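User: I am new to this structure. Please walk me through how to read it.

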Amino acid sequence: MILIPPQAAEHLYWMGRYIQRAESMTRLVIALFDKILDEDFDDAKVFYAKLGIALEYDSAQMFLRESVFNLEDASLCNTINAARENAILTRSHLSNRMFSRINALYLAYQTAKEERTVSLYWLEGTLKELDAIWGNFELSLVEAKESPLIQLGKVVERMDLNIRLYDSIEAALMDVEKLNSIAEKVRPNHKHVALSSSNRFKTLQTINSVFEALTTTHES
Amino acid sequence: MLEDNIRVPSGVSYPLSLRMLTRKVFPEFFEKLPIQGVSDYPKKLENAMNYVNTGGINVILTPGRYNSAFYEHSYLAKESGAILANGEDLVVEKDKVYLKTYNGRKARVGAIYRRLDDDALDPVEFHPDSLIGVPNITQAYRAGNIALMNSIGNGIADDKGIYYFVPAMIKYYMNEEPILQNAPTYLAFFEKDRNHILQNMRTLVIKDVAEAGGYGVVFGSQLTKPEREKLKDAIIAEPRRFIAQEVIEFYDIECLDEAGTFSSRKADLRMFSIYGEDIFVWPGGLTRFAMDPTSYIVNSSQGGGFKDTWVLKEQR
């Protein structure tokens, strides 16, 4: 039997979500920085508006500072903080290497925030760290029994962002099989998730309720 | 000996983590000096939990993320193989304790290393407002279905008023003289001692028996006259609440300060032991030092620092 208490399971799931969110949003910020420089100056505002976030900037560098440090609740810095907080809460389930990589990324963000320095070059470097976190996770035996929960968070976040950011239910649907396969590991005999491409809101709701559906019922 | 902590105090994980680091950075010390290994503490903890286990898994019960020792709880759970749980992760059914798991199943718990105070442990039996305890765990304990480390009530020995009697206890129960001497201590509860305290407050350290973590410790020499009078009144009103000790000079330890220079700090040593099938005294310890060069307060909760402690093997 896999012995993970409900709260720890939730934190593992959210750790997976936040790490994936950090990765997806870092890639997006890098792409938007290029767009501001080369194509449409307001493109980043449009993208962030899709997430319900009002973003103001008067230069590409200011966009970088805002998106990385200053956006309340939605900055990359806050996302990394949230990933680390969940890692602290599940530390007894993680390998030292996994935790120290997440912590190192957090510290890198804190240092950059204190020094008020951010560059595209630096941001690309953080992507390598995020790759290393996922790579370490794939290779580690320590996280083996926890991995379905972290993977569930990762895939749910990716599907969610594909719909919210890119309006691509099709891209999200490509992950359904994977989602069901991971959900099977989290809770054998779970009812498979079926998604249709017709209703964006319902699809988002279904994806985001998978974890809850897998973990709520308690047998006596 | 400045005080006794029968409720195992926190802090073992810090020298353990530091030892892991220093072995990597300064391997030559560990190669050349006969320094005793300390890495087996989590294994000894696990053995003790297994020994008292009533049938089920081992759990470390933490008050949660915002407890100052959460790192330690998490570290020990990971290293000892126990499951780290909050109060709400555990449930008592038919006088047995179970760990709830995310997939809906429950696992019987046989031993709990609890890091909660008695007051908070069981809202049914103790503080009813406790949100971090496990309702009815005391009943499961009474029924013999769960082992609690530390057991309920052993905090009485941490009461600084009890410390006064420990040398007498050693003589009574073991018919031996204590090897380590207590600091000369006066118990305000006794009239003779109380008078001595009231007349010599300037030279004594006065301690509130119920406090911990360096709180409630007052150096008489540092009080103003009104403060001293106020404390005198408190001692007269509630003599059971106070003890006083002669000031013991702490060991001075060299520390590298923020300016990059070495200077002396007052330090004490916290040792750790585990009583399972047998008594294990850990050949290491937590050396705590005061951050302020003029202070005797070494508690980490008040900004104190710490060092690993090397215990050398006996040369034969």
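**Reading the model**

Analyst: Start with a loop: in chain B, Asn150(B) sits in the loop between strand E6 (147-149) and helix H7 (160-163). Helices (H or I, at least four residues) and strands (E, at least two) are DSSP runs, numbered from the N terminus. The peptide bond from Met149(B) to Asn150(B) is cis, with omega near 5°.

User: What should I know about the model itself?

Analyst: This is a predicted model, in which local features need pLDDT of at least 70 and side-chain atom pairs count only at pLDDT 80 or more, while totals for chains, interfaces and linings use all residues. Residues are numbered from 1 along each chain as its sequence is written, chains are lettered from A and ligands numbered from 1 in the order in which they are written, and side-chain values use heavy atoms, with hydrogens and water left out.

User: Which residues of helix H2 (residues 43-50) of chain A are buried?

Analyst: Buried means under 20% relative accessible area, exposed over 50%, and partly exposed in between (1.4 Å probe, protein chains only). In H2(A), the buried residues are Asp43(A), Ala44(A), Phe47(A) and Tyr48(A). They lie on the same side of H2(A), because their arc around the axis is only 125°. That arc is taken from the directions from the helix axis to the C-beta atoms. Helix H1 (6-38), helix H3 (60-70) and helix H7 (147-166) of chain A are among what covers them. After H2(A) comes Gly52(A), with a positive phi near 80°.

User: How do I read the packing of H1(A) against H2(A)?

Analyst: Look at the axes. They are lines fitted to C-alpha atoms, for helices over the stretch in contact, and angles run from 0 to 180 degrees between N-to-C directions. Angles under 35 degrees count as roughly parallel, over 145 as roughly antiparallel, 65 to 115 as roughly perpendicular and the rest as oblique. The axes of H1(A) and H2(A) cross at roughly 150° and come within 9 Å. H1(A) is therefore roughly antiparallel to H2(A). Contact means heavy atoms within 4.5 Å. H1(A) brings Met25(A), Leu28(A), Val29(A), Leu32(A), Lys35(A) and Ile36(A); H2(A) brings Asp43(A), Ala44(A), Phe47(A) and Tyr48(A). By class, this contact of H1(A) with H2(A) has 8 nonpolar, no polar and 2 charged residues. Ala, Val, Leu, Ile, Met, Phe, Trp, Tyr, Cys and Pro count as nonpolar, Asp, Glu, Lys and Arg as charged, and the others, Gly among them, as polar.

User: At what angle do H1(A) and H7(A) pack?

Analyst: The angle is about 40°, and the axes are 7 Å apart. H1(A) and H7(A) are therefore oblique to each other. Their crossing is right-handed. A crossing is left-handed if the near helix is turned anticlockwise from the far one by less than a right angle, and right-handed if clockwise. The contact of H1(A) with H7(A) holds 13 nonpolar, 4 polar and 6 charged residues.

User: How is H1(A) set against helix H4 (residues 76-89) of chain A?

Analyst: Here the angle is about 160°, with the axes 8 Å apart. H1(A) and H4(A) are therefore roughly antiparallel. The crossing is left-handed. Residues in the contact include Trp14(A) and Ile19(A) of H1(A), and Ile80(A) and Asn86(A) of H4(A). By class, the H1(A) and H4(A) contact has 13 nonpolar, 4 polar and 1 charged.

User: Now a strand residue. Is Ile60(B) buried or exposed?

Analyst: Ile60(B) is buried, with a relative accessible area of 0%. Its place is strand E1 (residues 57-61) of chain B. Beyond its neighbours within four places in sequence, its contacts include His73(B), Leu84(B) and Tyr113(B). Ser80(B) is another of those contacts. Ile60(B) and Ser80(B) are 20 residues apart in sequence and 9.6 Å apart in space, C-alpha to C-alpha.

User: Which residues have a positive phi although they are not glycines?

Analyst: Asp167(A) is one, with a phi of about 50°. This residue is in the loop between H7 and helix H8 (169-173) of chain A. Asp167(A) is partly exposed, at 48% relative accessibility. Asn189(A) is another, with a phi of about 70°. Asn189(A) is exposed, with a relative accessible area of 72%.
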